[in-house]
Amino acid sequence: MKISADYHTHTTYSDGRTSHEDNVRQAIKLGLTAIGIADHGWGHAFYGIKKDKLTAIKREIDRLKAEYPDIRILLSIEANILGRSGQLDLTEEDFESFDIVQAGYHFGSKPSSFDDVITHLINYLHRLFGLFHQTAVKRNTAALINAIKRYPFHILTHPGDKGPVDIVAVAEASIEHNKMLEINRRHHYMTVEQLKQIKDMDVKLVIGSDAHTLEDIGRVEECIQRVIDSGIDPAKVVNLRTT
Ligand SMILES: [Zn+2]
Ligand SMILES: [Zn+2]
């Protein structure tokens with residue numbers, strides 16, 4: 001099994017080490033039919049794209065689309081789910097700038113309310129000391145499901161990373177609202193255990209390298225292994241082809 005497309009790659013516009021063109025050329029070299037550039041949303045305190053760079057980014061993507069017509073180049077963004085309300089660091093208007101939008105929970109996101117601060121705090125304490133497991137599950141599951149209901153994004157990145165979630169409930173919402181759940185290489189979520197839990201659901205999945213370097217683009221053998229180990233039907237993974 002191989003992937004046909006890698007929708008989740010970063011560049012120097014956030015915390016990646018490569019340019020847009022590097023990523024496109026590498027994807028062509030690997031024989032992919034599509035490449036997505038998904039830098040961190042501007043609500044990330046350390047790695048977010050500077051919003052005033054968006055015009056330059058769009059111009060560069062347009063240039064690459066013209067120069068490399070044999071591959072689909074998708075301008076994406078990895079928006080931040082800020083907390084329990086599901087609020088993103090994007091407005092509905094911002095969605096128009098992107099070919100596809102991805103969203104995930106990250107520790108570096110700037111809280112939009114005191115409640116968001118509490119969510120970060122609970123997840124830190126859970127991660128460091130194993131505290132507040134049930135509270136963390138409830139909050140994180142609400143955050144993801146509310147984001148799924150509120151916004152027309154396409155891919156939920158690495159569900160469960162940085163804070164535990166009820167993956168069955170998240171999968172139910174993603175089926176209802178037509179979202180894909182990501183099997184992410186860099187953060188190792190979704191896990192085999194999570195995939196086993198949703199194995200019999202009619203869920204749409206997507207593998208993403210989350211590459212921050214050239215070598216990591218399209219490098220997802222470990223994700224494919226998780227698909228195999230969980231026994232999930234590979235046909236549920238939209239960018240997986242069996243050759
Ligand atoms: Zn991420
Ligand atoms: Zn990422």
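M190 lies in the loop that connects β7 (180–184) with α6 (192–197), where helices (H or I, at least four residues) and strands (E, at least two) are DSSP runs numbered from the N terminus. The peptide bond between Y189 and M190 is cis, with omega about 5°. H188 belongs to the loop between β7 and α6 and has a phi near 65°, a positive value in a residue other than glycine. Most residues other than glycine have a negative phi, and most peptide bonds are trans. With a relative accessibility of 40%, H188 counts as partly exposed; buried means under 20% relative accessible area, exposed over 50%, and partly exposed in between (1.4 Å probe, protein chains only).

The model is predicted, so that local features need pLDDT of at least 70 and side-chain atom pairs count only at pLDDT 80 or more, while totals for chains, interfaces and linings use all residues. Residues are numbered from 1 along each chain as its sequence is written, chains are lettered from A and ligands numbered from 1 in the order in which they are written, and side-chain values use heavy atoms, with hydrogens and water left out.

H158 counts as buried because its relative accessibility is 1%. D161 is placed in the loop between β6 (155–156) and α5 (167–176), and its relative accessibility of 6% makes it buried. Leaving aside residues up to four places away in sequence, D161 touches Y105, H187 and Y189, a contact being heavy atoms within 4.5 Å. The side chain of D161 makes a polar contact of 3.3 Å with that of H187 and another of 2.8 Å with that of K162. A polar contact is a pair of N or O atoms within 3.5 Å; within protein, one must be able to donate a hydrogen and the other to accept it, and residues adjacent in sequence count only if both atoms are side-chain atoms. G104 is 57 residues from D161 along the chain, yet their C-alpha atoms are separated by 8.9 Å.

Another buried aspartate is D94, at 10% relative accessibility, in the loop between β4 (72–80) and β5 (100–104). D94 touches W42 and K51, not counting residues up to four places away in sequence. The side chains of D94 and K51 are joined by a polar contact of 3.2 Å, and a polar atom of the D94 side chain lies 2.8 Å from the backbone nitrogen of T91.

Strand β2 (residues 5–9) is mostly covered, with 5 of its 5 residues buried. It pairs with strand β3 (residues 34–40) in the parallel sense over 3 bridges, pairing being assigned if DSSP finds at least two bridges between two strands. Within this pair, T9 stands opposite I37 of β3.

The chain as a whole contains 7 helices and 9 strands. Its radius of gyration is 17 Å, close to the 18 Å that the globule rule gives for 243 residues, so the chain is as compact as a globular protein of that length; the radius is taken over C-alpha atoms, and the rule is 2.2 Å times the number of residues to the power 0.38. Of the 243 residues, 56% are buried.
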